[in-house]
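Dear colleague,

Please find the structure below, for your files. My notes on the fold, the surface and the aromatic rings follow it.

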Amino acid sequence: MNANHNRLNMHYISNAYGYTVYYSVGATAKEFNASTLASETPYATFNKTAYVSTAAAVTAVNHHAQETGLPVIDLGSGVQGTIDRGAGQAYLTWQAGRWSVTVHASPVMGQDPVAMSKQLVALFNQYSLPIPSQVGAANFDVTDNGLNQTITWQEGAILYKVSARSAETAIKMASSMSR
């Protein structure tokens, strides 16, 4: 938010399986769920979806196991990740309890996931994510382009997902749900 867009507005949609809350910023505050908010580009979303079983919810989490045999990168604070590079893409992944954290970059575009990964480790030292029943996945992209910074976790047959334009916003939102 900045001086010209310093109001947070929210609207939601729901169905029999869950709901999504859309957060947008603007120059003026609008009534919750105002019809005009549906046409605004969201800055972040929060989604809750009920699945038919715990196994189905676990499968829906984009959890990445850390692969062996890949180069190991020291990310600070005792965290080590592995990096998989190829076909113009790079994925740096590490495990934190029941969570997998993955940062995507495009070396062809001059991007490297290491710097962002180190920043994320520092943020995770400040903010605790919710503890999933079985698995959670935090998937980030070095570009803040759309709602591509996501944090997803499962509690039984329920899946929660935060999507945001910035990794820091996604982490802070998810962390606020762990209290």
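Of the 179 residues in the chain, 40% are buried (under 20% relative accessible area; exposed is over 50% and partly exposed in between, with a 1.4 Å probe and protein chains only). This is a predicted model, in which local features need pLDDT of at least 70 and side-chain atom pairs count only at pLDDT 80 or more, while totals for chains, interfaces and linings use all residues. Residues are numbered from 1 along each chain as its sequence is written, and side-chain values use heavy atoms, with hydrogens and water left out.

Fold. The chain has three helices and ten strands (DSSP runs numbered from the N terminus: helices are H or I of at least four residues, strands E of at least two). From the N terminus on, their order is β-β-β-α-β-β-β-β-α-β-β-β-α.

Dimensions. Along the principal axes, the C-alpha atoms fill a box of roughly 50 × 40 × 30 Å. Of the contacts between residues at least 6 apart in sequence, 46% join residues at least 24 apart (a contact means heavy atoms within 4.5 Å).

Surface. The accessible surface of the chain is about 9500 Å², and carbon and sulfur atoms account for 51% of that (Shrake-Rupley method, 1.4 Å probe; for residues, only the protein chains shown count as cover).

Aromatic rings. The search of the whole structure finds six aromatic pairs (Phe, Tyr and Trp rings, the six-membered one for Trp, with centres within 6.5 Å; planes under 30 degrees apart are stacked, over 60 edge-to-face, the rest tilted). The rings of Y12 and F32 are stacked, because their centres are 5.8 Å apart and their planes at 20°. Y12 lies in strand β1 (residues 7-15) and F32 in the loop between β2 (18-26) and β3 (44-50), so the pair ties together parts 20 residues apart in sequence. Y12 is partly exposed at 37% relative accessible area, and F32 is partly exposed at 47%.

F124 and F140 form a tilted pair, 6.5 Å centre to centre with 50° between the planes. This pair joins helix α2 (residues 113-126), which holds F124, to strand β8 (residues 136-141), which holds F140. F124 counts as buried at 19% relative accessibility, and F140 is buried at 3%.

Finally, ring pairs link Y19, F46, W99, W153 and Y160 into a cluster.

Regards
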